[in-house]
Amino acid sequence: MNNIITLSNVSYTYNRGTPLEKKALNQTSLSIDKGEFVAIIGHTGSGKSTLIQHMNGLLKPEEGSIVIDGQDTQGKGLKELRKKVGIVFQYPEHQLFEESVYKDIEFGLLKHNIPEEERKKRILETASILELSDELLEKSPYELSGGQKRRAAIAGILVLQPEILVLDEPVAGLDPAGCKELFNIVLQLHKTKKITVILVSHSMEIVADYANRIIVMENGQIVMDGLVNEIFSREDELRSINLSVPQIAKLMQLLNKKDSTINSQIFTVDKAYEEILKKVKKIHD
Amino acid sequence: MKTINPLIETNDVSYIYQNNQHPKKAVDKITLSIKQGEYIAMLGRNGSGKSTLARLLNALLIPSEGEVLVLSKSADNEEDLWFIRKRIGMIFQNPDNQIIGTTVEEDIAFGPENLGVKQQEIKNRVTKALTDVGILDLRERAPHMLSGGQKQKVGIAAVLAMHPMCIIMDESTSMLDPLGREELLQVVSELNRKDNITIINITHHMEEATLANRVIIINDGKIIEDGTPNDVFTDVKKITQIGLDVPQVTLLLYKLQQAGYLDKVDAITVEQAYERIVKILE
Amino acid sequence: MIKDITLGQYLPGKSVIHKLDPRTKLLMTVCFMVVLFILNSILSLFLSMIIVLICYRVANISYKYAFKGIKPVLYIVLFTVVLNVFFTGGEPLLTWKFITISKEGVNAAILVSLRVLTLITSASIMTYTTTPIMLTDAIEKLFNPLKKIKVPVHEMAMMMTIALRFIPTLIDETDKIMKAQAARGADIGTGNLLQRAKSFIPILVPLFISSFKRADDLAIAMESRCYRGGEGRTSMRILKFTIKDFRAFCVFILFAVILFLIQIFI
């Protein structure tokens, strides 16, 4: 495993010296390996957005340092860095501005001086991954449906072929089916292209389904960091900072109290189903 | 406010969007009756027509066909239109885009001011509404300094100050974090329970629907399910087919039923599911 | 960046100045401005500056905060000072190579900078102590007679209110869009003039689109809350002149007279 993101003692304060001063990050240290799928949870104002904005140099740490794939974000080469780290902000469709979807996806490529032939190749490839048809590419982004707009905007980031993909609440406002579609695409990219994914989400169900590591933030600090099953088995601690665990986790913990041979560290429907089936079969034998 | 008639009645109501060359039928012959004091969750995919239906209910849209009656009054008559909007309040998806005042109290006063309520009475109503929603301390704050959840509470208070009989929430929780969502839902549940205000919550979130006492599912402009949360969600096949979710535990029970270990799926909460599964394991 | 501008943002408080009728404050501010332009002795302008500073004290606004607010304006003041000091002819005070500083130049520079600073700080007191909506009310009421000649006073006031309400929201949004475009590799505000102008398109277009969407949403929200223009509308805030306003006016006139007397006799 090799390290791709390293934060050492990073602090950041908004509106320093005004009545609105707020310490958003407080001596945060973190390291993420290449190929991980990390979820960052914590409620609004816990420092999640500030943290991710440090990852491509949109914000620079006031104290401490951030090294992305060997490059310090304080130094030069911000543009290269932003190609490497693709951040999809909340409601990314608000960034669409070109006259056609194709041109909008092309925007980042032009900014990074990618030659035309390569641009075309990448755009078509990205569009097919995100299931944007050729017909859609020619349309104005404002004619698309909500879900299509979202995917077009994400394409604008993915087309830069980032090694790290940061997603801030990527499915906010989408319905369950649209949500699943999008995550399956992300998961596919993660698996086939070995992209490191950092997901900020409020939905514990989504986190349980897709991530393998969870970072919990509270008051600008990382208060928990571990594998999914490890974090979700600490329900009381999560509860104390107003976070919850997936419904299934609650159910399995209840069942475990009744019968301690049932594995309580299960957070997805499929795993729970297997576990219960195993138990039932044992009883029937 | 006891009424014998249903609060809202729709008869074969349709709505067609006329923009560009392709007219789109968003609501297709819906007949529906809503009583005072009900707590309804309305679910459906994006573009299913649920928001259009909501806007028909408080006369923001006028039906292309059929009729909508609020306490037997129809929006065709100019004066009744204002009566309907006063009685059926609405809060929207983006909390930012519905706050008109530059402070919380001014925003809440906006409705009563439009109704021509006297100054002292407006002040009383503002205080009452803020107290009911539990944000009296935010009275003089500027809206952009509030959290999403607080903004939506302002939205609710602003509607309350107009003395509504029904509050429609048009995906009002979709931009909130879990804490904000929970608090907002608590407020509306309270209003429903204490003041018998009818709540219609339009949402994608299945957990929210389990709080209601009636769930209506809309697909392609038509009502395809209408019943108690338990009845509706346990029809797992139909719901997943149209691209909606059921609660995780319901899905688990459904899988167990498919495998032949359960005769029916009838749980939407963790506690209910726990009881069912314990039974299988005995 | 844009968020750092604090000049003129309302600061809640309970001081006498906060409690004055907004019309009083507006009228006094306008009159004070006229006075400032008539005054042309350093002493009386200096005294008017002191009066403004006393008002800050009374309104309970820290000088530090006020200073932060006028910081951006200081450059303009500095510029005019330089212009006046070096380019006003007259009795030379100091000569160094080809640069000559005249007595008149220094005098004019002090006058201008005092006048501009007093002007801005006094206008800021009004906005620091009056909510924008109160100001709008004041303007609506003061212009009310114009309704008779079919000027849509209510509509204009409502538009102002909405603009005031949405400025912070739009600033936030601009910030977000800038970040989103930067994340795609956009460099905003660099290069030559044309490139710079062009680099704002990816920010302005989305901002316009979202503003239209907001306007649409807002119109629906207003309709759903029974808004139908100014007719038959009441207001929670009723403006009333009180004895305080009368006293404030008296104090104001007293000071103005003293300032003029100083200018004439000293």
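This is a predicted model: local features need pLDDT of at least 70, side-chain atom pairs count only at pLDDT 80 or more; totals for chains, interfaces and linings use all residues.

Guide: A salt bridge is a side-chain nitrogen of Lys or Arg within 4 Å of a carboxyl oxygen of Asp or Glu. One such pair is Asp187(C) with Lys79(A), whose closest N and O atoms are 3.1 Å apart. Residues are numbered from 1 along each chain as written, chains are lettered from A and ligands numbered from 1 in the order written, and side-chain values use heavy atoms, without hydrogens or water.

Chain A comes first. Two salt bridges are counted between chain C and chain A. Five residue pairs are in polar contact, both at pLDDT 80 or more (N or O atoms within 3.5 Å, one able to donate a hydrogen and the other to accept it; sequence neighbours count only through side-chain atoms on both). On the side of chain C that touches chain A, α4 (63-87), α7 and α9 of chain C each supply at least two residues (helices are DSSP runs of H or I, at least four residues; strands of E, at least two; numbered from the N terminus). α7(C) gives the most, seven residues. By class, this side has eleven nonpolar, two polar and six charged residues (nonpolar: Ala, Val, Leu, Ile, Met, Phe, Trp, Tyr, Cys, Pro; charged: Asp, Glu, Lys, Arg; polar: the others, Gly among them).

The contact (heavy atoms within 4.5 Å) takes in 19 residues of chain C and 25 of chain A. About 1,800 Å² is buried between the two chains, 61% of it on carbon and sulfur atoms (accessible area, 1.4 Å probe, lost on being put together, summed over both). Lys179(C), Ala183(C) and Arg184(C) lose the most area in chain C, together 40% of what that side buries.

Towards chain B, 30 residues of chain C meet 38 residues of chain B. The area buried there is about 3,100 Å², with 57% from carbon and sulfur atoms. Arg165(C), Arg225(C) and Met236(C) supply 30% of what chain C buries against chain B, more than any other three residues. Six salt bridges are counted between chain C and chain B; Arg228(C) and Glu79(B) form a salt bridge with closest N and O atoms 3.6 Å apart. Here α7 (153-183) and α9 (201-224) of chain C give two or more residues each, and α9(C) gives the most, nine.
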